[in-house]
Amino acid sequence: MTRRASLWEAALDYAARGFRVVPLHFPVEQVRDGGRVVGCSCGDRACAAIGKHPLTPHGLRDATRERAWLQWHWRRWPQANIGLVTGEVADVLDIDGPAGRDAMRRWAAEHDLRLEGPVVRTGTGWHYYLRASGARNRIGLLEHVDWRGVGGYVVAPPSRHANGERYRWVRPLTAELPPVPAELQSLVLPPPPERPPDRNFRVEPSGHPYGRKVLERELTAVAGAPRGRRNHALYQAGIRLYSLVAGGVLDRAEVEDGLLVAAEASRLLEEEPAQTRRTLASAERTGLAHPRGIPLRPVPDGPAVPEPPAPRNPRERERDV
């Protein structure tokens, strides 16, 4: 695409290259309190992923290469942004903002890494396209650096960012994508932690027994949460577990890893990776600010440890699709 194609032309071109494509919501100007602001076409005033989440009823499950389907949707929503499913044709190294750029530069300098191949300038960062490796989504590969692989998607040019900028190709998309460099493989290719098929989590015998029991219960509850409740369950569990971290009962890294695995088990991490990361970050901040130790009373058996209800995330929004 030498000229800037229209959104529907670009969507068809990506499909012809083998990508499964899904229409995304898009930024819209709105009038609030007498002033003009940018919101999301989804209509949620508190949307934290403006122009970045699917607008079709079944989300990524609606992604396709079928030309007629794509034409119909872009005739209906001509301003729709473009989502490309990752992990099939391409994986994408997602670098967000100056913090991500600096973290990636430091890591690349330490490992003598030079990235080749197509690059997109996003609204705030960069997307590096690499040959699909079979790796799954990895949130927090480095600080503000994520990996979009199996189960993920990215926003593609010429979609519009909430800041008004268009996504654009800095180095053009090519038919032959470079493989994941050997230096990156240690970060993106290890298999995710194993989890039992029945979604009952078992915690290794470290730390206080009370903390282990709470961790097992909370992770199992998140992994098995029903649609419409997954994001809320993750947020509440995160607050409870990080409050035990602040109280010295649980290990912070163990809680972080466990919550990511539980979010993956519920498919929340696959379907809404950005929102999931924001939910976890908010839960971590709140939990660490409210330390909790080991109670004097015994822990009763049951589906959850009775605690005072955690504060609700005012920006929380379940994005099940």
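Two strands count as paired if DSSP finds at least two bridges between them. Helices (H or I, at least four residues) and strands (E, at least two) are DSSP runs, numbered from the N terminus. The model is predicted: local features need pLDDT of at least 70 and side-chain atom pairs count only at pLDDT 80 or more, while totals for chains, interfaces and linings use all residues. Residues are numbered from 1 along each chain as its sequence is written, and side-chain values use heavy atoms, with hydrogens and water left out.

**Exercise 1. Describe how β8 and β9 are joined.**

Solution. Step 1: β8 and β9 run antiparallel and are joined by two bridges. Step 2: Arg138 has Trp147 in β9 as its bridge partner. Step 3: two residues lie between the strands of this hairpin, in which His144 takes a positive phi near 60°.

**Exercise 2. Work out the strand order of the open sheet with three strands, and find its edges.**

Solution. Step 1: the order is β1-β4-β10, with antiparallel pairing. Step 2: β1 (21–24) and β10 (153–156) each have a single partner strand, so they stand at the edges and one side of each has no neighbour in the sheet. Step 3: on average, neighbouring strands of this sheet are turned by 35° against each other, direction ignored. Step 4: four bridges link β1 to β4 (residues 81–85) in the antiparallel sense. Leu24 stands opposite Asn81 in β4.

**Exercise 3. Describe the largest pocket and its lining.**

Solution. Step 1: on a 1 Å grid over the protein atoms alone, a pocket is an open set of points with protein on both sides within 12 Å along at least five of seven lines, and a cavity is a set where a 1.4 Å probe fits but cannot get out; lining residues have an atom within 4 Å of a point. Grid points are joined across faces, edges and corners, and a volume is the space filled by probe spheres set on the points. Step 2: the largest pocket has a volume of about 1,200 Å³. Step 3: its lining has 47 residues, of which Asp96, Asp146, Ala274, Arg277 and Arg278 lie nearest its centre. Step 4: elements that give two or more residues to this lining include β8 (138–142), β9 (145–148) and α7 (252–265). The most comes from α9, with eleven residues.

**Exercise 4. Describe the largest cavity.**

Solution. Step 1: the structure holds one cavity of 30 Å³ or more. Step 2: the space in the largest cavity is about 30 Å³. Step 3: Arg136, Asn137, Val150, Glu264, Leu269 and Glu270 line the largest cavity.

Technical notes. Axes are lines fitted to C-alpha atoms, for helices over the stretch in contact, and angles run from 0 to 180 degrees between N-to-C directions.
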